[in-house]
Amino acid sequence: VFRTDGYGDNRGGLRGSGVVRVDRDTWRVTAGFAGSRFDHAGLVRKVDVDEGRLDLYGTHDPRQSSASQYAYAVAHAGESSPDGSWSVTGSLSRRSTLLRTNFTGFLTDDRRPGESAHDQRGDLLDQRSLGTTAHLEAQARELVGNPISPTRWHVSAGVRGRLDQVDAVSLRLRDVDGVPYRTELDLNLRQADLALWSAAEVDTGAVRARLGGRAQSFLYEVTDHCAAQDGWFPGIELDDVNCADEDRNGVRRRDATRTAGGLGFAPRGALTWQVHPHHQLLASGGRGFRSIEVVSLSEGEDAPFAGLWSGDVGWRWQTGNDKVYADHRVVTFVTHVNRDLVFDEESGANLAAGSSTRWGATATSELHVGPFREHTSITATYAAFGDELPPAYVASFSDRQPGALVPYVPVVLGRSDLSYTWTVKALGLRHGVAGTLIGPRPLPLSEWADPVFTLDASTELRWRGVEAGVAVTNLLGTRYNLAEYHFASWFPDQSGTEFPTRIPARHVSPGPPRAVMLSLTVHPAAM
């Protein structure tokens, strides 16, 4: 059980969880549950903070919150040996979630055709879902050929099936009393997912190669309980334009059902070449896909997968003895997605934004020298849109043109962890320090988010079965932003204007201030 008041306004919460597990030689069963309820501050307008109308750790709308309940059971059976392995896994889970967010304040509730006159009623968005998932997966790996040959061949194959049923609702709430006034989304989704895969691997000692592929089918059945939104047309007398029960052709039901499906094939290969006792060349590549949100599916449509392909080439240097171990890697990569997704503040969801390509490189370093441990990684990425952008996306974001940078993708990410362990008689001590760097991130409308650097530190003391520690996060007390966005909003109490404005403003989610945490752990078996 965990409870906190959080830092700043509207950040308190409570959560609890439990798990039970039974293990035997070849099988195990795990079951658990979890529940939580948290308030959250959402985003704050940077100009309101800079001009003193709102504290950085304040909130524009104190009704923003989240809640979830989750229960699951997982059964697993399997065996492994030098010659092969097999496993079967099945699971059943049920999850409910609630998320209330207000990104734009009082901006999206313009009068629609057919509606009576009204003022802005508020943009608080209430998103709820209840989902049940059943999953079954089986796989096997087998050594083929002569088991004493220096060249070893393995073949593997598997099958996976998954069923999902989800009820999802998205509502707009009135600011004055929290009552829903508009349905943005109300649907029931049933999805069946079946995948078959196989792979072959050969290892000669100097070269290891793997080639495989996955065939996967998706079947959807969507019942939309608010199929006719903005159903006004000339001549109709209608005040409620939301979930209309009449259209140009006459009376209609408010709901509609449609089915769709699709089939995809994803091949992939990987190669490791030991060119020197301490040096390896690495290469891999393949094609993949992911399903797109189902709201836009039409009857009988070939499910619009987001196709993607990726490739990477790298070098690895590894060496070690009783005193020193080192492992360094440099990998360059490229990834192309033909239907990328970008966050949209008005709907509180991701919006289809056309194709994009990411180029980049990652360097990692791991070093062990006696009691000293170091692990560092840094990634540089250049992400840009392709030649085809959906007209609706370009209309909403005027600077999103072919070749423009994809919003919110950091140019550079870095992380370094250092630790030192030593003993004094029966006492064991460990000291650690970690630094995190998030580089500038492009934002909509040609803006850039500020870079972020934080430092954490910890010290642990262990005597027999008792371990005590102190950890400090954000050691330097840096005031930084976990997330930054750039869009228009209007909150009358802080925005400094008497009427809604469409002028974009920077919106931020501040990172937590310095925190000091004490811990005490008891290991009964070691006492």
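User: How many residues stand between E2 and E3 in the hairpin that they form?

Analyst: This is a predicted model, in which local features need pLDDT of at least 70 and side-chain atom pairs count only at pLDDT 80 or more, while totals for chains, interfaces and linings use all residues. Residues are numbered from 1 along each chain as its sequence is written, and side-chain values use heavy atoms, with hydrogens and water left out. Strand E2 covers residues 13-23 and strand E3 covers residues 27-39, the two running antiparallel and being joined by 11 bridges, where strands (E, at least two residues) and helices (H or I, at least four) are DSSP runs numbered from the N terminus. In the hairpin of E2 and E3, the number of residues between the strands is three.

User: Which residue in E2 is the bridge partner of Phe 2?

Analyst: Strand E1, residues 2-4, pairs with E2 in the antiparallel sense over three bridges, and two strands count as paired if DSSP finds at least two bridges between them. For Phe 2, the bridge partner in E2 is Arg 15.

User: Is Asn 10 buried or exposed, and at what relative accessibility?

Analyst: Asn 10 belongs to the loop between E1 and E2, and its phi is near 55°, a positive value in a residue other than glycine. Buried means under 20% relative accessible area, exposed means over 50%, and partly exposed lies in between, with a 1.4 Å probe and protein chains only. Asn 10 therefore counts as buried, with a relative accessibility of 18%.

User: What relative accessibility does Leu 445 have?

Analyst: Leu 445 sits in the loop between strand E23 (441-443) and strand E24 (447-449), and although Leu 445 is not a glycine, it has a positive phi of about 60°. Leu 445 counts as partly exposed because its relative accessibility is 28%.

User: Which strands stand at the edges, each with a single partner strand?

Analyst: An open sheet of three strands has antiparallel pairing and the order E4-E28-E27. Within this sheet, E27 and strand E28 (residues 504-510) pair over seven bridges, and Phe 487 stands opposite Ala 505 in E28. One side of each edge strand is left without a neighbour in the sheet, since each has a single partner, and these edge strands are E4 (44-45) and E27 (481-488).

User: Which residue takes a positive phi in the hairpin of E17 and E18?

Analyst: Strand E17 (residues 341-344) and strand E18 (residues 349-352) run antiparallel and are joined by four bridges. Leu 341 stands opposite Ala 352 in E18. In this hairpin, which has four residues between the strands, the residue with a positive phi near 65° is Gly 348.

User: Which residues does Val 294 touch, not counting residues up to four places away in sequence?

Analyst: A contact means heavy atoms within 4.5 Å. With residues up to four places away in sequence left out, Val 294 touches Leu 189, Tyr 220, Val 222 and Arg 258.

User: How far apart in space are Arg 214 and Gly 288, C-alpha to C-alpha?

Analyst: Arg 214 is found in strand E10, and its relative accessible area of 27% is why this residue is partly exposed. Leaving out residues up to four places away in sequence, Arg 214 touches Ala 195, Leu 196, Trp 197, Gly 264, Phe 265, Ala 266 and Phe 289. Arg 214 and Gly 288 are 74 residues apart in sequence, and their C-alpha separation is 8.9 Å.

User: What percentage of the residues of the chain count as buried?

Analyst: The chain has two helices and 29 strands, and its C-alpha trace spans about 85 × 55 × 50 Å along the principal axes. Among contacts between residues at least 6 apart in sequence, 62% join residues at least 24 apart. Of the 527 residues of the chain, the part that counts as buried is 35%.
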